[in-house]
Structure formats: structure tokens, C-alpha cells
Amino acid sequence: MTDLPMVVPAQELPPRVRIHEVGARDGLQNEKATVPTEVKAEFIRRLAAAGLTTIEATSFVHPKWVPQLADAEALFPQISGIEGVDLPVLVPNERGLDRALELGARRIAVFGSATETFSQKNLNRSVAESLTMFEPVIARAKAGKVHVRGYLSMCFGDPWEGAVPVHQVVGVAKALLDLGCDELSLGDTIGVATPGHVQALLAALNEAGVPTDALGVHFHDTYGQALSNTLAALQHGVTTVDASAGGLGGCPYAKSATGNLATEDLVWMLDGLGIETGVDLAELTATSVWLAEQLGRPSPSRTVRALSHQE
Ligand code: HMG
Ligand code: MG
């Protein structure tokens, strides 16, 4: 057993990747048992100590829709003082924005869908109505110099509608960017994408005038494709990759959404490729082992299991 991969760079890959850590939000929103606020705060502090610099902290959504994150008001002040770390939060509407701004959030993320069915299930609105809902949120955030990420879910497949045509994704992606999003995260919410599909979508977005540096990728690992899809995106020039410590995650409003790409699995690959992330793999793994103990079950991340000798 070895604790670090051998470093062998590959051609035409970026020298550095920014990991957008989503475990505390995408991961914990999906836990059956609500995690105590103090454990969430400790989790985020430990992620920061492991070198992650973008840590999505929580959501200011309706507490009845996602009760697991209903403690956002209690959590945010406990972590907002952590130095050198951006703490984006999910905000669906103006009510959510008010709550986030009240606590001093400097980065928000709106979240739209490439498909109508998921838009209805996740936001209780059509795609067009969701864009209308986001418009004042983004405008007010930008006026206050708050950074805005736009998530776009179901970019590859949808559990109710099946395969999602690339042009349909490009249309909503452009609309979100036109509203003023600073970056867009392309979500494979149910993990059905494969590498050629990823590159086809990225190329179509470029063709429609969207630069690659405005794009991040957000893969779920349902079919074991998340790392392959990430490599395909890196080959295309993407340098922002979403991942979840320990492979926590899913989406309460998308059946068959399982865990996100595990941050440890990602860092193992990027370390091996000699791509800088600033993340200390041993410290991150220890954090996921600690959180798994709090949750009462082992981490699904292969790298966490290998490094912590769980199997
Ligand atoms: P709605 O029921 O249509 O809400 O839900 P509404 O606008 O009709 O308002 C109803 C009441 O809720 C009002 O209260 C509002 O004030 C209140 P009343 O006047 O009746 O007393 N309300 C709120 N309260 C607190 N905070 C708020 C808020 N908004 C309204 N922000 C809504 C619409 C958008 C609120 C709801 O659908 C919702 O909260 N959805 C969130 C779903 C969610 O969080 N899903 C998971 C995140 S997305 C994801 O995981 C995918 C991602 O990871 C990428 C990928 O993998 O694809 C990002
Ligand atoms: Mg997700």
C-alpha cells in the first residue's frame, strides 16, 4: 500500500485545478439523519485545513424542502471567519438571497435545470419561471459585488426525460450566463455521462460563444464514470472541478442521484498527473474517515478506503 501516487504528467492538461468542494452541501443535504451543526462546522474547518479553498457551505432554500440544511443561519457565522477560504452558498430566490446577505455571504449559487421535469421537482417552477426567479437574485448579487455561480442540472440525462439533447443544455446555459452568472457548473446530476458526451457538450458551448474558463464540471459517480468524465473535461481545458469529500452526496429531488465524485479520488488522480490543487490528501482522507464515523458508515470513496486500510 502506498500513500501517494507516482507522479507522471500527461500531455496537454492544465497545470492547476481549482476544486469546488461540495461535500458540506451536496453531500449533507442527502443524509437521512440530520448532522449536528457543530459537526458540519468542524467538517468545513477540517476541509479548509486540508487545503481546500472553495467550500460550498450550505443552502438558503426553503427549510421544509431540505431540512438537512435548515440550520444555515446557525452554521454560517461559525465558519465565516475561516481565513483564505471562499464559502459559496446555494440561493434559489430573493428570500434566500436576503438570508444569505444578512449573514455576509460573498458568493452565492443559483441552480437551474436543463430539463422541465427536474425544474418542477426541484424548484416548483418551469425552466422559464426559474430564470425569472433568478433574474433579480443575480442582479442584486452583482450590484453588491457578490460572486454568482450558476448550476445547471441534468446536463446529460434526466431520470424522467431520458437523454438530454446538447442544444437544450446550451440554451439554458446561455440564459444563465446572460443573466450575469460569473461561472457555470455543468451538473451530471444522475451520473450517466460518458467522456465523449462531456467533450461534445463543452465543444457545443464553446461554439455558442461560452468560453471554457467560465465552465466547471459537477459529476456524480452513479455509473463509475466521474473520474473519466473529469479527465475528458481537463483535456478540453476545464480547470474548475466540483467534488465531494469522501464521495458523499446526491440530490433529494432526483431519483437515482448517488454520491458525487469523491474529492480524494480526484486528488489522487491529479496528484499522479502532477496537477496542483493545494490539497493535502492525507489530511483530507483523515477528515472523511472522521466524518464517516460521525455518520456511522464507511466512506464510498475508493481512495479513502485504500488510504485508511478499510478493506
Ligand atoms: P415554493 O413552495 O414554490 O416557494 O418553493 P414560494 O416562492 O411559493 O414561497 C412559499 C413560502 O416559502 C413563502 O412563505 C416563502 O417566504 C417561503 P409564506 O409567505 O408562505 O410564509 N420561502 C422561503 N423560506 C426560506 N428560504 C427560502 C424561501 N423561499 C421561499 N429561500 C423554492 C420554491 C425554490 C423555495 C423551493 O422549491 C426550494 O427551496 N427548493 C430547493 C430544492 C433544493 O435545495 N434542491 C437541492 C439543491 S440542487 C442540487 O442538489 C443539484 C446540484 O448539486 C447540481 C447537480 O448535481 O445537478 C446543485
Ligand atoms: Mg449535485
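**Note on salt bridges, the magnesium site and helix packing**

1. The side chains of Lys142 and Asp182 come together in a salt bridge, with 2.6 Å from N to O. This pair, like everything else in this note, is read from a predicted model. The two partners belong to distant parts of the chain, since Lys142 sits in helix α6 and Asp182 in the loop between α7 (166–178) and β9 (183–188), 40 residues apart. Lys142 counts as partly exposed because its relative accessibility is 35%, and Asp182 is likewise partly exposed, with a relative accessible area of 32%.

2. A search of the whole structure returns 14 salt bridges, and another of them that deserves a check is the one between Arg16 and Glu276, whose closest N and O atoms are 2.7 Å apart. Here too distant parts of the chain are linked, with Arg16 in the segment before β1 (18–21) and Glu276 in the loop between α10 (263–272) and α11 (281–295), 260 residues apart. With a relative accessibility of 43%, Arg16 counts as partly exposed.

3. Because Arg149 lies in strand β6 (residues 147–153) and Asp242 in strand β11 (residues 240–243), the pair ties together parts that are 93 residues apart in sequence. The pair also belongs to a network, in which salt bridges with shared partners join Arg18, Arg149, Glu183 and Asp242.

4. Which residues are the protein donors of the magnesium ion (ligand 2)? They are Asp26, through OD, together with His218 and His220, each through NE2, and they lie 2.1 to 2.4 Å from the ion. Along the sequence the donor residues follow the spacing D-x191-H-x1-H. Since Asp26 lies in helix α1 (residues 23–27) and His220 in the loop between β10 (215–219) and α9 (226–236), this pair ties together parts that are 194 residues apart in sequence. Both Asp26 and His220 are buried.

5. The packing of helix α5 (residues 116–123) on helix α6 (residues 127–143) can be described by two values, for their axes come within 9 Å and cross at roughly 50 degrees. From α5 the contact uses Glu116, Ser119 and Leu123, and from α6 it uses Val127, Ser130, Met133 and Phe134. Sorted by class, the residues in this contact are four nonpolar, two polar and one charged.

6. After α10 comes Gly274, whose phi is positive, near 75 degrees.

7. Within α10, Asp265 may be looked at on its own. Asp265 is buried because its relative accessible area is 12%, which falls under the 20% cut-off for that class. Leaving aside neighbours within four places in sequence, the residues in contact with Asp265 are Leu227, Ser301, Arg302 and Thr303. The C-alpha atoms of Asp265 and Val304 are separated by 7.8 Å, although these two residues are 39 residues apart along the chain.

8. Two residues other than glycine have a positive phi that a colleague may wish to inspect, namely Lys145, with phi near 60 degrees, and Met154, with phi near 55 degrees. Lys145 is in the loop between α6 and β6, and at 70% relative accessibility Lys145 counts as exposed. Met154 is in the loop between β6 and β7 (157–158), and at 0% relative accessibility Met154 counts as buried.

How values were computed. Residues numbered from 1 in each chain as written. Chains lettered and ligands numbered in written order. Predicted model: local features only at pLDDT ≥ 70, side-chain atom pairs only at ≥ 80, totals over all residues. Heavy atoms only, no water. Axes fitted to C-alpha atoms, helices over the stretch in contact; angles between N-to-C directions. Helix = DSSP H or I, 4+ residues; strand = E, 2+ residues; numbered from the N terminus. Contact = heavy atoms within 4.5 Å. Nonpolar A, V, L, I, M, F, W, Y, C, P; charged D, E, K, R; others polar. Donors = N, O, S within 2.8 Å, 3.2 Å for Na, K, Ca; no water. Buried < 20%, exposed > 50% of the residue type's maximum accessible area, 1.4 Å probe, protein only. Salt bridge = Lys/Arg side-chain N within 4 Å of Asp/Glu carboxyl O.
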